[in-house]
Amino acid sequence: MTAEVSKNKSLYAALAVTRLGLGAQPGEIAAVSADPQAWLMNQITAQGAAPYRPDMPTSAARFTQFAALRASRRMRAAEAAKAAGGVKSAPDPVTEIGALIRQDAGLDFLSRIEFAAATKSGFAERWALFWSNHFTVSALKPQAATLIGPFEQEAIRPHVFGRFEDMLVASTTHPAMLLYLDQAQSIGPNSRAATFFARRGGGSGVPRGLNENLAREILELHTVGVEAGYSQADVTEFARALTGWSLAGPNMPDREGQFLFRANAHEPGVRTLLGRRYAENGFFQAREVLHDLAANPHTAQHLATKIARHFVSDTPPESLVTQLRAAYLSTGGNLGEVARTLVLARETWDPEPAKFKTPYEFLVSSARLGGGFGVRPGRLGPTLAALGQRPFAAPSPKGWPDEASAWADGDALVKRMSWSEAFAARTYGAFATDARDPLTLADAALGPRLSPAAAQAISRAETRTEGLAILLMSPEFLRR
Amino acid sequence: MTPWRITRRHALASALAFGVSVEFLGRQALADPSSQANKLVVIVCRGGQDGLSVSPPVGDPAYAALRKSIAIPGFGAPGGALKLDDTFGLHPALTHVHDLAMQGQARIAPAIATPDRERSHFEAQDVLENGAATPYASATGWLNRALTALGPQSGVKAIAVAATAPLILKGPTPVESWTPGGGPEPDHRLPGILQDLYAKDPLLGPALAEGLTTDAMARSASASVAREMAASETTDSMALGSASDAGDMTGANAAAAFARRGAPEARKIGLTLAALMSARGGPQVAAVSVENFDTHANQGAATGQLATRLTYLDALIEGLHEGLGQDWARTLVVSATEFGRTARVNGTGGTDHGTASTALVLGGALRRGGLIGDWPTLQASALFENRDTRPTLDMRSLFKGVLRDHLGVDRRALDTVVFPESASAPPLNGIVA
């Protein structure tokens, strides 16, 4: 092998590991340089992405636990009211629910970020994180918070290299999504349930009726996107078709927290959506809509654009989008084939880094290099929050933004700088006899992507700690 | 009353300690020789704020029937609206805004909307911030283009209270950003080394320089605020990430607890931003976001989810008012949202995406007066597409009136560059005293 070819292999390895993966562990670039594309292709498997917390309770178990705690809170509140002015009551249940969320969702999140720091399959993990963000469920809705981990492991990760339609259906029928986007309580205005409530009269407190939130976001965010030009009428029709898609509550102990089609809540009748008629068919009416949405060319375009933007550039080459779109359409929406197309596309391998890491990616890539986060697990959440990316708490159903302009701002950079210094101090502090020179670490982190300017700044550092902080804050490490 | 005003020398000293070039800060500080300039704060309320709860038209005959369980009770009732006139009140959580209104320093625009009619958060926020008539028509924001139109010689600077600048402030004119939280220790060489390393990086170079300058100023300012606050009350820590808020936002009871905890932080953000703006060489224009107004379910009435968010907004405004001190007389604050919500309560005790909403305009520079824009009423025939408050005022007209009369932006620039092709939405008269 000539020196030239060997250097190229090393550059491709660095791009595979840092751009398509989650950053290099020491030695990883060297190992991958034997065949960078094979390293990526081998991670595309029909089983999808591995679970990051194999012992995680199911969504049904989490829902049941949460519902029970809320019920006991209500009961205790009633008792306390009865004994008004009486003795001081048990621990504040609101705080208890908060603690439960922090404990369960917190452990899920920590498992995920530690898995990302340790995995040998960085590409599969990035690909899975992309789809979790595509189907965002956010802890800003407390009822959904403890279900996010189960949602990712049950509905997203098994399907990330399978058919998109399967992931779409799994997401749309999952309790986390049904609760997050208010679908669980949506009731057809002419359904038997609505008639029953109307006859019984008000009084029960919570009013019930149609909620179009999930229908709107499926169209706008999950499938065809706004470019498809659907109307308010399409949204409402889809919402009507989706009525009845709900989950079982505590009155059905053997199925509590699982998907349930409530025929009584389903709006009867034919629906017309994006120019197609859907006959009344209970659950299968909306199921058929999802099938058509998954096959819609607008969905292919929307997904191809998002994938290219996430993996390659904020302004992705049109030629790449076209290849990904074609791969999707010609395989019936097989995401494994889309991933293979991405790996093989020439545009994916542009040596110029065009993506600025999100805070999550920045922390994970630092930890992969340093051999751990080096902090108490409890500190990671607040750190990410300060950097603008609170764990499991994307600001809206649109998920976290993917463009440099959303992350590379003055305040965010200053905070990353502080974190880098502290991280470097801890990393070297933990290995007091560590002989690793920061320049050696820089080579391990970036391979040929390391620029002469950054290498010089690192070599001139006064301390190893300062050198590592410079590496983490170098333009090429902040990007991928 | 500006105990936390920081001097230019002070700011320079702390900036120097960070390795920020003297030239960078010096030029800006000199460009604005006084803090006598008019100030503008734009609060972007994200998620689609329910105007019919912000300024409930409790005197409108159709209001109670449309709103049912989420109607704000009438004047004088428990949890009732705070009276503005015979028709309108303010949400009971907006006590500070109401105090200002009673002094002629707060008014409402109850049926205002951007040109967007699509009811998508992302498109509507885009239009609210990009200043164009359609989403994605511009990658820069109208507030930034307004600064550009004023020209560099004006010395007007802007700041975003966010880890990253929102679209409204993106654009050719450099903008600082700031969030509460700690920065680097000032005795490190790293900031200077990185500035050298970023010298040719068009993204990271300017961003780091702004971040360091702002951080230096905020440290001085918030140290003063912290002393002030410590003297008056006990509150929780200022660290932005210290509270896992999601954990405690469970139901209406928790909402009240969250409101109690969130409000002091909001007031503190207002105080610190005010201190930054009052400092010599500080920004005259600021943009702040308040989120989570997307109340599809269980939005509540006098208390509940929406009330919690309005408590936060009220505390933010209170902090600004208090912190700006005598500068308040030269200040306008505009609080606006991407769209309003359906006039009818939905099936889940909330409201869905709608059209017109309420904008609040506040400040010592505000001209005393009544409603801004007309009230279309809520009678069935007046509703937009039989579901939403009908817009009677173009959001761009309000912003253009403010920019022209308060900051002195040229009319032609307003019609063509700041709000492209917006001659049909002329600047609103009578906003500025």
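**Helix packing and a buried loop residue**

Modeller: In this predicted model, the buried residues of helix H12(A) are A:Asn213, A:Leu214, A:Ala215, A:Arg216, A:Glu217, A:Ile218, A:Leu219, A:Glu220, A:Leu221 and A:His222.

Biologist: Against which helices do the buried residues of H12(A) pack?

Modeller: Helix H12 of chain A spans residues 213-222 and is mostly covered, with 10 of its 10 residues buried. The partners of these buried residues lie in chain A, and they are helix H6 (122-134), helix H9 (164-172) and helix H13 (232-242).

Biologist: How are H15(A) and H16(A) oriented to each other?

Modeller: Helix H15 (residues 297-311) and helix H16 (residues 318-330) of chain A have axes 8 Å apart and pack at an angle of about 135°. Their crossing is right-handed. An angle over 145 degrees would count as roughly antiparallel, and H15(A) and H16(A) are therefore oblique.

Biologist: How many residues of the contact of H15(A) with H16(A) are nonpolar?

Modeller: On the side of H15(A), the residues that meet H16(A) include A:Pro297, A:Ala300 and A:Leu303, while those on the side of H16(A) include A:Leu320, A:Arg325 and A:Tyr328. The residues of this contact comprise two polar, one charged and, as the number asked for, 11 nonpolar.

Biologist: How are H5(B) and H11(B) oriented to each other?

Modeller: In chain B, the axes of helix H5 (residues 95-102) and helix H11 (residues 305-324) come within 7 Å and cross at roughly 50°. B:Thr95, B:His96, B:Val97 and B:Leu100 of H5(B) meet B:Asp314, B:Ile317, B:Glu318 and B:His321 of H11(B), and the residues of this contact divide into three nonpolar, three polar and two charged. Angles under 35 degrees count as roughly parallel and those from 65 to 115 as roughly perpendicular, and H5(B) and H11(B) are therefore oblique.

Biologist: Does B:Gln105 count as buried or exposed?

Modeller: B:Gln105 lies in the loop between H5 and strand S4 (106-113) of chain B. Since a residue needs 20 or more C-beta neighbours within 10 Å to pass the cut-off, and B:Gln105 has 23 inside 10 Å, it counts as buried.

Biologist: What separates the C-alpha atoms of B:Gln105 and B:Gly363?

Modeller: Not counting residues up to four places away in sequence, B:Gln105 touches B:Leu100, B:Leu362, B:Gly363, B:Gly364 and B:Leu366. Although B:Gln105 and B:Gly363 are 258 residues apart along the chain, their C-alpha atoms are separated by 5.3 Å.

Key: Residues numbered from 1 in each chain as written. Chains lettered and ligands numbered in written order. Predicted model: local features only at pLDDT ≥ 70, side-chain atom pairs only at ≥ 80, totals over all residues. Axes fitted to C-alpha atoms, helices over the stretch in contact; angles between N-to-C directions. Helix = DSSP H or I, 4+ residues; strand = E, 2+ residues; numbered from the N terminus. Contact = placed C-beta atoms within 7 Å. Nonpolar A, V, L, I, M, F, W, Y, C, P; charged D, E, K, R; others polar. Buried ≥ 20, exposed ≤ 12 C-beta atoms within 10 Å, placed from the backbone. Left-handed = near helix turned anticlockwise from the far one by under 90°.
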